[in-house]
Amino acid sequence: MAMPESEAPNPTPKITIQTDGPYIVHGSVPLVQKQQVVSEHGEPLAWEKTGELEHRKTYALCRCGQSAHKPLCDGSHKP
Ligand code: FES
């Protein structure tokens with residue numbers, strides 16, 4: 001019997017969008033924090049990795065801007 005894709009060690013990454021809610025990221029995708037590196041004139045040069053979030057099989061990423069725990073959704077988008 002085949003294992004459901006969601007339980008496979010490396011399921012195919014995909015993103016689904018909840019109506020008026022977060023992006024749901026599936027597939028054990030590493031989630032890193034980056035900070036923009038700028039020149040002395042403020043021109044963007046590159047992105048520097050500054051950290052990595054706890055690894056999960058699935059993430060709910062805030063897209064409303066109201067979460068107190070960005071980049072993760074905390075349910076604040078609900079009316
Ligand atoms: S999408 Fe849920 S708090 Fe922003």
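Select S28 to begin: with 15 C-beta neighbours inside 10 Å, S28 counts as partly exposed, a class lying between buried (20 or more other C-beta atoms within 10 Å of its own) and exposed (12 or fewer), with C-beta atoms placed from the backbone. S28 has a positive phi of about 55 degrees although it is not a glycine, and its place is the loop between β2 and β3 (32-38).

The model is predicted: local features need pLDDT of at least 70, side-chain atom pairs count only at pLDDT 80 or more, and totals for chains, interfaces and linings use all residues. Residues are numbered from 1 along each chain as its sequence is written.

Next, select D20, in the loop between β1 and β2. D20, also not a glycine, has a positive phi of about 55 degrees. D20 is exposed, with 10 other C-beta atoms within 10 Å. Most residues other than glycine have a negative phi.

Now colour by secondary structure: the protein has 0 helices and 5 strands, where helices (H or I, at least four residues) and strands (E, at least two) are DSSP runs numbered from the N terminus. Three strands form an open sheet in the order β1-β2-β5, with antiparallel pairing; strands pair if DSSP finds at least two bridges between them. Its edge strands are β1 (14-17) and β5 (58-61), each pairing on one side only.

Select β2 (residues 23-26) and β5 together: 4 bridges join these antiparallel strands. Within the pair, V25 stands opposite Y59 in β5.

Finally, move to P71, in the segment after β5. A cis peptide bond joins K70 and P71, with omega about 10 degrees.
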